[in-house]
Amino acid sequence: MAEAGANSSAVLRGRHDFPEISGRIGSIVLNGRLPRHFWTAFFLCFLLVLLLLYSITYLIAVGVGAYGIDIPVAWGTMISNFVWWIGIGHAGTLISAVLLLLRQPWRASINRFAEAMTLFAVAMAGLFPILHLGRPWFFYWLLPLPNVHMHWPQWRSPLVWDFAAIATYATVSLLFWYMGLLPDLAVLRDRARARPAQLFYGILALGWRGSAYHWSRYQVVYFLLAALATPLVVSVHSIVSLDFTFAITPGYHSTIFPPYFVAGALLSGFAMVLTIAIPLRWAFSVEDLITVRHMDNAAKLMIAAGMVVAYGYVSEAFFAWYSGEPYERAMMAQRALGPYAPLFWTMLGLNCGVLQLLWFRRIRRNMPLLFAIAIAINIGMWIERYIIVVTGPSRDYLPSAWGEQSLTWLDFGILFGSIGTFFALVFLFIRILPAITIFEVEELAEEEGKLR
């Protein structure tokens, strides 16, 4: 059902006051005001968590040959999952940091769970390079620890770059997320009635009292962290793309990969934001706080990022032809006509074809349809990562070394298990911490004249 009306372009709907805003948002945490199907959905996600744990245990016991990698395709779903998850986290950083610096008020209601989404996505992403090592208990070899192994890490290895990128991204995102939580943690501390809740939120609030001194220091540090996090939107996924660009494998060696990967990351990230936001606003009856304006703006940003991705597809095909390099031309032909052709055309249909529906305002404001489009684009972006990772090694320079990857149950077990773990963490976050920023929504209501 499409949401429209006279106030559909407003950031907030209706009239509010400060106690009402803090009470509604805080009650989800303090009073356990959860919808009827919350725990059912969490239980289903927890089953996928168990699937992930079983899959990882089996992988460590048997070895990486248990999932679908082989020579010549030595990179498979593990690296595809890594690139996909690290990309999903980018929308949270963009909404939190970039839109804050650009003074965009509509970020206020969705930035909190977008930041949490970033942390959980980065946690999932960091899991896959470690599992892909084959001997994950030696992951600390990636750290720059001299005299432990009698040599330094191999700085030309993409694993070391990925470790540095993920560690930096996770650290800055965590600090930025926690800094934004401080005023809301103090609200929960003051509104909590149970002594354990008062102690829990009081310790996390770090003595926040909302004084002018606290707010002045908060604004300075919060904007500094936003300025520090903003370059990560570009740098982190550019580093991930260099894992491929530095190789001379056909289909990998491309200078367009850094901006192409960043745009794809933003597309998949905003698709995941909509995947979380649309059920959240319906389940907790906060359509007046997370309004159709938020969904419409996120869909517009998806169009912008998606058109850059489409341009990347066209550029990749054009320069493969224009270069005259027979191996690059053969690679593009294999993607379109070879064994991975069904996945290739499905990817184009989801990432380019379905995306065009968002040009229509009526579709951008139809929540069920927008939710389905977000799911479709997330599937398409995972297929894109898989196509990039697998097709290059499968058709290398020597035809005698050609081969395809055979997906096993373990590939799907780890992928779906990571998705279930991600959403289980989102459910726990909603239960324990405020998913909507209390103080920023109050500021927004005051700025828009929505206070009663």
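Predicted model: local features only at pLDDT ≥ 70, side-chain atom pairs only at ≥ 80, totals over all residues.

Modeller: Residues are numbered from 1 along each chain as its sequence is written, and side-chain values use heavy atoms, with hydrogens and water left out.

Colleague: Which helix supplies the largest share of the lining of the largest pocket?

Modeller: A pocket is an open set of points on a 1 Å grid over the protein atoms alone, with protein on both sides within 12 Å along at least five of seven lines; a cavity is a set where a 1.4 Å probe fits but cannot get out, and lining residues have an atom within 4 Å of a point. The largest pocket holds about 550 Å³ of space, a volume being the space filled by probe spheres set on points joined across faces, edges and corners. Helices H2 (38-62), H9 (257-283) and H15 (409-432) each supply at least two lining residues, where a helix is a DSSP run (H or I, at least four residues) numbered from the N terminus. With seven residues, the largest share comes from H15.

Colleague: Why does the pair of Phe 176 and Tyr 222 tie together parts that are apart in sequence, and how many residues apart are they?

Modeller: Phe 176 and Tyr 222 form a stacked pair, 4.8 Å centre to centre with 5° between the planes; rings of Phe, Tyr and Trp (its six-membered ring) pair if their centres lie within 6.5 Å, and planes under 30 degrees apart are stacked, over 60 edge-to-face and the rest tilted. Phe 176 is buried at 4% relative accessible area, buried being under 20% with a 1.4 Å probe and protein chains only. Phe 176 lies in helix H6 (residues 158-191) and Tyr 222 in helix H8 (residues 212-245), so the parts tied together are apart in sequence by 46 residues.

Colleague: Which residue has its charged end over the ring of Phe 261?

Modeller: Phe 261 is buried, with a relative accessible area of 1%, and belongs to an aromatic cluster that includes Trp 75 and Tyr 313. A charge sits over a ring if NZ of Lys or CZ of Arg is within 6 Å of the ring centre and within 35 degrees of the ring normal. The charged end that sits over Phe 261, 5.4 Å from the ring centre, is that of Arg 385.

Colleague: Which helices do the buried residues of H16 pack against?

Modeller: Seven of the 10 residues of helix H16 (residues 438-447) are buried, so H16 is largely enclosed by the rest of the structure. Among the buried ones are Phe 439, Glu 440 and Glu 442. Taking contact as heavy atoms within 4.5 Å, they pack against H1 (18-30), H5 (111-132), H6 and H8.

Colleague: What is the distance in space between Ile 430 and Leu 280?

Modeller: Ile 430 is in helix H15 and is buried, with a relative accessible area of 8%. Both Ile 430 and Leu 280 line the second largest cavity, which has a volume of about 60 Å³. They are 150 residues apart in sequence, and their C-alpha to C-alpha distance is 9.3 Å.

Colleague: How many polar residues line the largest cavity?

Modeller: The largest cavity holds about 70 Å³ of space, and its lining includes Glu 115, Phe 176 and Trp 177. Ala, Val, Leu, Ile, Met, Phe, Trp, Tyr, Cys and Pro count as nonpolar, Asp, Glu, Lys and Arg as charged, and the others, Gly among them, as polar. Besides four nonpolar residues and one charged, the number of polar residues is five.

Notes:
Buried < 20%, exposed > 50% of the residue type's maximum accessible area, 1.4 Å probe, protein only.
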